[in-house]
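Here are my notes on this model, point by point. Please read them with the structure open.

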Amino acid sequence: MKQSPRFLHGWALLLCLASIAHSAITPAAELRIGLSGEVTSLDPHFLAAQPNLTVARHVFESLTDVDPQTRLIPGLAERWRALDALNWEFNLRRGVKFHDGTELTAEDVAFSLQRPLSIKGSPGGFASFVRAVESTAVVDKYTLRVRTKYPYGALPEELNSILIVSKKHALNAGPEDFDSGRALIGTGPYRFVRYQRGDRLELARHDGWWGRRPAWDKVTLRIVTADPSRTAALLSGELDVIEHVPSADIRNINKNKKLRVMQTTSWRTILLHVDQYRPQPPGITGADGNPLARNPFMDRRVRLAISKAIHRTAIAERVMEGLAVPAANIVSPGVFGHNAALKAEPYDPEGAKRLLAEAGYPKGFNITLAGPNNRYINDEQILQTVAQLLTRIGIITRVEAAPMSAYLGRVRKEETSFSLLGWGSFAADLALRSLVATPTPDKGYGAWNWGRYSNTKVDALMEQALASVDRPKREALASAANTLAMNDLAFIPVHHQIVSWGMRAGLSYTPRTDEFTFAHHFTPR
Amino acid sequence: MFVLRRLGQSALTLFVMSALVFTGVYAIGNPVDILINPQADQAEIAQTIARLGLDRPLWEQYWVFLSGAVSGDLGKSFAASVPAIDLILERMPATLELALMAMVIAVVLGIPLGLLAGLKPHSWVGRSIMAGSILGFSLPTFWVGLMLIMVFSVQLGWLPTTGRGPTLDVLGIPVSFLSWDGLRHLILPATNLALFKLSLLIRLTRAGTREAMLQDYVRFARAKGVAEREVVRVHVLRNILIPVITVVGLELGSVIAFAIVTETIFAWPGMGKLLIDSINVLDRPVIVAYLLVIVFMFITINLLVDVLYTALDPRVRLKGAR
Amino acid sequence: MSMALSPRQEFTRGFARDRIALAAFWVLCLLLLAAIAAPLITPQNPYDLAQLDILDSKLAPGAKSAAGYTYWLGSDDQGRDMVSAILYGLRISLSVGVASTLAALGIGLVIGLIAARAGGWLDALIMRIVDLQLSFPSILVALILLALAGQGVDKIIIALIVVQWAYYARTVRGTALVELRKEYVDAAVCAGYGSARILLRHVLPNVMPPLIVVATVQVAHAIALEATLSFLGLGMPITSPSLGLLIANGYVHLLSGKYWISFFPGIALLLIIVAINLVGDQSRDVLNPRLK
């Protein structure tokens, strides 16, 4: 028997309604991320701090981009090249839209490269990233020429840190305008919805983005600085993702079937600076309590002994719960200038004691190890463990840990002689410039070379690397400088941190060496 | 006259406090070191110090600060470059909401429980209430906070772990307790914060009740044949209410201060957490602004309580009238 | 005819009436003894770095150490034996609490007595300062002081003293004022005795008993405050951790199942504070004339 047409129509109507209803009630795909650092400002040029940059990079982008392994890739600039030693040309992508619909042009880029220099009142701005730039010239709508003051091969790396804002909206805008959202118009995959300082930033997908369409309509970036609170929020399902899984919780989250952990070696390297310029550095005394005749750290054998005494694998396993890789380089594996042939110093307490005796300290001596207690992963525990390990070979170590603010104050006043520091860089020559180069204020060398290590050969190689606009040549030079400095123990490397993300099992993320968390790179499995 | 004198005192306090704190904070470290770009060189560091005015002599910096303070400008936060006072005011509603909710919990539970314990001090009810109050008094807030999160959020999953719920604007002030989701976020931190005061109130009410019950007027009322409930309601309650209310008023300031710990654990976006963060990064303007705001709030609360007490206590009123 | 009891015997009798308070008293004595004897009874000095082994870290209660003794309550993240760490931590918590309370008591006593005896503008000035100090919550005062002064055992004790002295000063002044109005003081003045003598020999003995009760409870308060400050990171340095700092250190391990690092110090802290509070409570109840 045939079905009456009305009956069929009825079914068709019902199906139509059902599908409409389904799309109406299908919830928007939302991603809730828990960030670990305090965001202080939404102005992308105000403060060069990772939390600020993390949220800013959802809304803005830069000329050059960095892939998860810290290699430079095209960003808003499709390609770039060095025309000669001092001139560079950047070709912009065409058809890139800002959130207000207008197109990105070289004018916006030129403006954005200038803006960091005009920011007032910032305790740590971006001026140093454009220090090498002498002038910019807009050739046409999509082409920009940059002239540097001196040959500078690291220009593309430096420009990665300068986010491009819309000239129209950012002209005369200050941090308040960005915090309120008025000037927060960028080209990035997400646009501003709401900001509650200290609590969260809400974003919505920018459908006009040039890149691959992100999976999430809505993104909430929540700020949860307390480690246990962040873990608890992930465990209870309140957050889909957390960055920097506390080391104590890694095992727990791994065992949980509903969650997963993704990790990779981070660019952050933990190292110990040793005073190599004062004959009688503070905090160092002989085993009998009297000052020593000379500075033991200036003897390479003593530095090597200390390096041998540090049980890096025990620290990685016990203190860092697996979130560390023993280090021998100034930069992490995979980073520009890393030399894989350098191996971490194996644990050798007997060898250490022998070296100490050889150097003239058979009974050891007393030192004070200083460091922060609220900055790097398990920094205070690392200090205590290093102290324990050194005490075992006869170097009785006292620990002085303080909040980063107080600690840096003491360091700058030169009150410490054995100090912990964590450093992240995506090029060995840039890292060398800050950490190992002979301190030279007018050239900007050695600003963080607390031990005042000075080696002219290393300086020369480093300068050559930085000036080299030929990338492969530069890498070779940087690697050579790195190797020289490390073999001479310019400082004592401890480990490279491993950065981790905890997320619900249905998500996937390519872990990034630069530790950034980007909502648009999370995909459902 | 009385009010004027108190106001004068308050102004003096503010001045002294600000000077003390300003001098002290200057002595620790250098905020530039924390917040500066790691790749920056000495020249830029020096430039930044000059720009933020950190190299001027102490008294000059204080003078700039003071002249600004009089006009309501307490300096700009180093980390965020927005006026420090704005940062504090932005976070104040959250802290006040938490503190007030905690006080409400403490009062609503504390007075009845304390009354009960006072009326039946040697029964098992009375004794268990007292035992509970001693625990609530002695347990460190931070420990209880984590236990609460572990039990109610992680294990049982009834309540959210951290953060504040969605807010609605009431008279321009964002509040979160008007929605069910907002309340769910508020319960754990408010209870955590309330515990200490709750125990305090229970003990206070119990002590007051016990004393009142032994008074002659209670015995007299009983002898007259008044029902027990009446006795309690009319005589005992009224007499203990005045000192209890005064304590509640004074303790409000303390609750706002203790919220610092609760806010840290529950990631509640209030002023207390802002203070701790500012201390860690040496954001001087914010620290000083917070202290001035808190001092101002305490002085106001104390003033109000004094006035209220004078109004409520008939003995004082009568004396004044003479 | 029944024998009249001496005040002390009366107090002891009254105190012992509450069995729980009595039990608390014995627990307190036990804890005090353990804390004082810690270096003698613990298998390890947890602050001697030479005795620690990082490879023994975070072991569960009952595990054996390389040196042969058992970690009865487990080991912490640096390889310290929890029992040793708790007893040494108890020592530090108690010494910081008691030292600061005693010092605050002394200072408050002197200032309160002076204010009561002097009267007039000096009394008014002192009381104004006291009122000012008391109107601020202790945690805020301590927090600011420590933020300014930095870390260190001495700085914590100073902060705790600053937080507490005003309370004693006010209590002493109140009680002293009552005493000073009594007739025997007038008689002593007539007889030519100086202020100091009057204060020390007559007023002081009457002021002490309630003060001691208050001080007992204040010790608990000081211990709790120090624990909170250590948790916020502004308290004891890691080289001499109190119970509060031990709890803070073990806090991060709670969610991962290594509860013993934070839990046992928490229990110890709880025991000591509750015991002190119970003893103080009962003492106060016994001494309160209005409840007799």
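This is a predicted model: local features need pLDDT of at least 70, side-chain atom pairs count only at pLDDT 80 or more; totals for chains, interfaces and linings use all residues.

1. Take Tyr290(B) next. Which residues does Tyr290(B) contact, leaving aside neighbours within four places in sequence? They are Ile88(B), Met271(B), Leu274(B) and Leu275(B).

2. Helix H14 (residues 428–435) and helix H15 (residues 456–467) of chain A pack at an angle of about 135°, and their axes are 9 Å apart. That angle makes H14(A) oblique to H15(A). Their crossing is left-handed. From H14(A), the residues in the contact are Asp429(A), Leu432(A) and Arg433(A). They meet Val458(A), Met462(A), Ala465(A) and Leu466(A) of H15(A). By class, this contact has five nonpolar, no polar and two charged residues.

3. Compare a helix pair in chain B. The axes of helix H5 (residues 84–119) of chain B and H6(B) come within 8 Å and cross at roughly 130°. H5(B) is therefore oblique to H6(B). H5(B) passes H6(B) in a left-handed crossing. On the H5(B) side are Leu113(B), Leu116(B) and Ala117(B). On the H6(B) side they meet Val125(B), Gly126(B), Ile129(B) and Met130(B). The residues of this contact divide into six nonpolar, one polar and no charged.

4. Now the interface of chains B and C. Here 31 residues of chain B are in contact with 28 residues of chain C. Several helices of chain B each supply at least two residues of the side that touches chain C, among them H1 (2–27), H6 (124–138), H8 (180–213) and H12 (284–312). Which helix gives the most to that side? H10(B) does, with six residues. By class, the side of chain B that touches chain C has 22 nonpolar, seven polar and two charged residues.

5. Check Arg268(A). This residue lies in strand S14 of chain A, residues 259–274. Is Arg268(A) buried or exposed? Arg268(A) has 22 C-beta neighbours inside 10 Å, so it counts as buried; the cut-off is 20 or more. Not counting residues up to four places away in sequence, Arg268(A) touches Gly422(A), Trp423(A), Gly424(A), His496(A), Gln497(A) and Glu515(A). Val331(A) is 63 residues from Arg268(A) along the chain, yet their C-alpha atoms are separated by 7.8 Å.

6. Which residues of H9(A) are buried? They are Val302(A), Arg303(A), Ala305(A), Ile306(A), Ser307(A), Lys308(A) and Ala309(A). What covers them includes S14, helix H11 (349–359), helix H12 (379–392) and strand S20 (492–504), each of chain A.

How values were computed: Residues are numbered from 1 along each chain as its sequence is written. Chains are lettered from A and ligands numbered from 1 in the order in which they are written. Two residues are in contact if their C-beta atoms, placed from the backbone, lie within 7 Å. Helices (H or I, at least four residues) and strands (E, at least two) are DSSP runs, numbered from the N terminus. Ala, Val, Leu, Ile, Met, Phe, Trp, Tyr, Cys and Pro count as nonpolar, Asp, Glu, Lys and Arg as charged, and the others, Gly among them, as polar. Axes are lines fitted to C-alpha atoms, for helices over the stretch in contact, and angles run from 0 to 180 degrees between N-to-C directions. Angles under 35 degrees count as roughly parallel, over 145 as roughly antiparallel, 65 to 115 as roughly perpendicular and the rest as oblique. A crossing is left-handed if the near helix is turned anticlockwise from the far one by less than a right angle, and right-handed if clockwise. A residue is buried if 20 or more other C-beta atoms lie within 10 Å of its own, exposed if 12 or fewer, and partly exposed in between; C-beta atoms are placed from the backbone.
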